[in-house]
Amino acid sequence: SEVLSCVSVDGREDVDAIAEKAGAAGGRADPCPKQDHGFMYGRSFEDPDGHIWEVMWMDAAAAEQAMAPARDTADA
């Protein structure tokens with residue numbers, strides 16, 4: 001059995017650092033495409049047992065601001 005786990009970190013630099021370290025330690029960096037939505041950034045790595053780990057960062061305030069127009073339209 002395989003699992004997919006996701007961890008949240010404090011910044012974009014942390015996302016990159018963890019993915020690169022995992023690759024250097026015997027994992028496979030970026031088996032899935034990088035995700036960059038401006039307010040959210042993520043990368044993944046596969047560990048030697050085949051499990052996928054996603055590392056992500058999100059600026060919650062920017063995400064809420066980006067969603068505000070959609071909420072305003074829905075409320076109208």
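A disulfide is defined here as a pair of cysteine sulfur atoms within 2.5 Å, and the structure holds zero disulfides. In general terms, a disulfide is a covalent bond between the sulfur atoms of two cysteines. Cys32 is partly exposed, with a relative accessible area of 28%. Select Cys6 next; this residue is also partly exposed, at 47% relative accessible area. For these classes, buried means under 20% relative accessible area, exposed means over 50%, and partly exposed lies in between, with a 1.4 Å probe and protein chains only.

The model is predicted: local features need pLDDT of at least 70 and side-chain atom pairs count only at pLDDT 80 or more, while totals for chains, interfaces and linings use all residues. Residues are numbered from 1 along each chain as its sequence is written, and side-chain values use heavy atoms, with hydrogens and water left out.

Now move to Asp30, in the loop between β2 (28-29) and β3 (35-36). Strands are DSSP runs of E with at least two residues, and helices are runs of H or I with at least four, numbered from the N terminus. The phi angle of Asp30 is near 60°, a positive value in a residue other than glycine. Asp30 counts as partly exposed because its relative accessibility is 25%.

The next selection is Gly50, which is found in the loop between β4 (40-46) and β5 (52-58). Is Gly50 buried or exposed? Gly50 is buried, with a relative accessible area of 10%.

Finally, clear the selection and view the protein chain. The protein chain has two helices and five strands, and from the N terminus on its elements run β-α-β-β-β-β-α. Its C-alpha trace spans about 50 × 30 × 15 Å along the principal axes. Buried residues make up 24% of the 76 residues in the protein chain.

To end, colour the charged residues. The protein chain has 6 positive and 16 negative charges, whose mean positions are 5 Å apart. Lys and Arg count as positive and Asp and Glu as negative, with His and the chain ends not counted; each charge is placed at NZ of Lys, CZ of Arg, CG of Asp or CD of Glu.
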